[in-house]
Amino acid sequence: MKRTIALAAMVASLGSVALAGPQYVDESGYAASGYDVVAFWSLSQNAVGQAQPNAIPGNASFTHDWNGATWAFSTPENRDLFASAPERYAPQFDGHCAYGIAQGGKVPANPNLWRIVDDKLYLNITPNVVGFWEEDIPGQITAAYENWKGLEVKPASERLWTAINANDGTYAGPAPVTN
């Protein structure tokens, strides 16, 4: 009986949003590197083992401040959707790499290396890391939520995902766009 209750409590805790620590913000000055986090839900998600479509750049004209950071969106409608329910759209682990969190550390995340699982957005840092993540996505998520309890209060990563050579070719340019 105690084991059943403990397992139920653990599963319930995995359903919570993993946001609470300092938001990852890179040299763009925006959360999610200036990409529109609401737009991920309009993209066709590819099967495990295939690259995802590129993230949609946000626009500096459509922003919203939340969780200590400025977020950019491609449309005012997406900005308003985010403002009404930011926990639904924000990437888990304050925008850090989900695999990195599963391994016990805060590292930056590349918004073009994404996956939505159980209606939650997860980002990773490099294409190689995506391969490790995809070997056991449920197990990685479980480990990440367990590790997050001790990592959430630590400072956000100061590394730049765009400076990592393994990310060459995973993005066309900086976000957000201005016009």
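**Terms first.** I count Ala, Val, Leu, Ile, Met, Phe, Trp, Tyr, Cys and Pro as nonpolar, Asp, Glu, Lys and Arg as charged, and the others, Gly among them, as polar. I am working on a predicted model, where local features need pLDDT of at least 70 and side-chain atom pairs count only at pLDDT 80 or more, while totals for chains, interfaces and linings use all residues. Residues are numbered from 1 along each chain as its sequence is written, and side-chain values use heavy atoms, with hydrogens and water left out.

**Entry 1, the fold.** I looked up the secondary structure and found six helices and four strands. Helices (H or I, at least four residues) and strands (E, at least two) are DSSP runs, numbered from the N terminus. Along the sequence I read the pattern α-β-β-α-α-α-β-β-α-α. Of the 179 residues, 46% are buried; buried is under 20% relative accessible area, exposed over 50%, and partly exposed in between (1.4 Å probe, protein chains only). I then turned to contacts, meaning heavy atoms within 4.5 Å. Among those with a separation of 6 or more, 67% join residues 24 or more positions apart.

My rule here uses a 1 Å grid over the protein atoms alone: a cavity is a set of points where a 1.4 Å probe fits but cannot get out, and a pocket is an open set with protein on both sides within 12 Å along at least five of seven lines. Lining residues have an atom within 4 Å of a point. Grid points are joined across faces, edges and corners, and a volume is the space filled by probe spheres set on the points. I get one cavity of 30 Å³ or more, and the largest cavity holds about 30 Å³ of space. Its lining consists of Gln23, Tyr24, Ala32, Ser33, Gly95, Ala109, Pro111 and Leu123. That lining splits into five nonpolar, three polar and no charged residues.

The largest pocket comes to about 230 Å³. I find 15 residues lining this pocket, with Ala51, Gln52, Asn112, Leu113 and Val130 nearest its centre. Strand S3 (110–117) and helix H5 (127–135) each give at least two residues to the lining. By class, the pocket lining has five nonpolar, eight polar and two charged residues.

Buried or exposed? Asn112 is buried, as its relative accessible area is 5%. I checked polar contacts next (N or O pairs within 3.5 Å; within protein, one atom must be able to donate a hydrogen and the other to accept it, and residues adjacent in sequence count only if both atoms are side-chain atoms). The Asn112 side chain reaches the backbone nitrogen of Ala55 at 2.5 Å, and one of its polar atoms lies 2.9 Å from the backbone oxygen of Thr170.

A nonpolar core is a set of buried Ala, Val, Leu, Ile, Met, Phe, Trp, Tyr and Cys residues joined through side-chain atoms within 4.5 Å. Which members of the largest one, with 41 residues, touch the most others? I noted Val37, Phe40, Trp71, Phe82, Phe93 and Tyr122. Helix H6 (137–151) is among the elements giving two or more residues, and its six residues are the largest share. Leaving out residues up to four places away in sequence, Trp71 touches Val37, Phe62 and Phe82, among others.

Last, I looked at Arg88 in helix H3 (residues 86–89). Arg88 is partly exposed, given a relative accessible area of 34%. Beyond four places in sequence, Arg88 touches Trp41 and Asp119.
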